[in-house]
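Hello,

Here is the structure I promised to pass on to you. Please have a look at it first, and then read my notes below.

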Amino acid sequence: MPGHIEGTVVAYGPTGNLITDISHERLKGVPRGDTVRVICDEHETVGIYPPDHQEPPLTLLAVLGPSGFLELTIVGESAQAMLGVPLREKVIIQW
């Protein structure tokens, strides 16, 4: 049976990451491979990455942020500025 977690964007990080209310604890049973989809507004990415990922610039990623929560980032840019996602926007994780 597929898994599903929902949360919301609750803050913007200092570099423009979208910080969600989905804690690392809630993500413990979620796979880290490409079977995981993270959807926010009209944007979607695959997988959940550690903060020390090696993905190329301008890649949209879901990362286990230093905040202790799932964060959406655009490598080397501000996700807040580039995506225009408002606070309280729904975030869905599916696998």
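In what sense do strands β3 and β4 pair, and over how many bridges? They pair in the antiparallel sense, over four bridges; two strands count as paired if DSSP finds at least two bridges between them. Before I go on, this is a predicted model, in which local features need pLDDT of at least 70 and side-chain atom pairs count only at pLDDT 80 or more, while totals for chains, interfaces and linings use all residues. Residues are numbered from 1 along each chain as its sequence is written, and side-chain values use heavy atoms, with hydrogens and water left out.

β3 covers residues 37-40 and β4 residues 43-46; strands here are DSSP runs (E, at least two residues), numbered from the N terminus. Two residues sit between the strands, and Asp41 in the turn has a positive phi of about 60 degrees. Ile39 has Glu44 as its bridge partner in β4.

In a regular strand, side chains alternate between the two faces of the sheet. In β4, His43 and Thr45 make up the covered face, with Glu44 and Val46 on the uncovered one.

- Glu44 pairs with Arg37, the closest N and O atoms being 2.7 Å apart. Glu44 is partly exposed at 43% relative accessibility, and Arg37 is partly exposed at 34% (buried is under 20% relative accessible area, exposed over 50%, partly exposed in between, with a 1.4 Å probe and protein chains only).
- Glu25 pairs with Lys28, with 3.2 Å between the closest N and O atoms; both residues are exposed.
- Glu6 pairs with Lys90, at 3.7 Å between the closest N and O atoms. Because Glu6 lies in β1 (residues 4-12) and Lys90 in β7 (residues 90-94), this pair ties together parts that are 84 residues apart in sequence. Glu6 is partly exposed at 36%, as is Lys90 at 42%.

One more spot to look at is Ser67, in the loop between β5 (60-64) and β6 (69-74). Its side chain reaches the backbone nitrogen of Phe69 at 3.2 Å. Ser67 is partly exposed, with 33% relative accessibility. The C-alpha atoms of Ser67 and Ser23 are 8.9 Å apart, although 44 residues separate the two along the chain.

Best wishes

Conventions: A polar contact is a pair of N or O atoms within 3.5 Å; within protein, one must be able to donate a hydrogen and the other to accept it, and residues adjacent in sequence count only if both atoms are side-chain atoms. A salt bridge is a side-chain nitrogen of Lys or Arg within 4 Å of a carboxyl oxygen of Asp or Glu.
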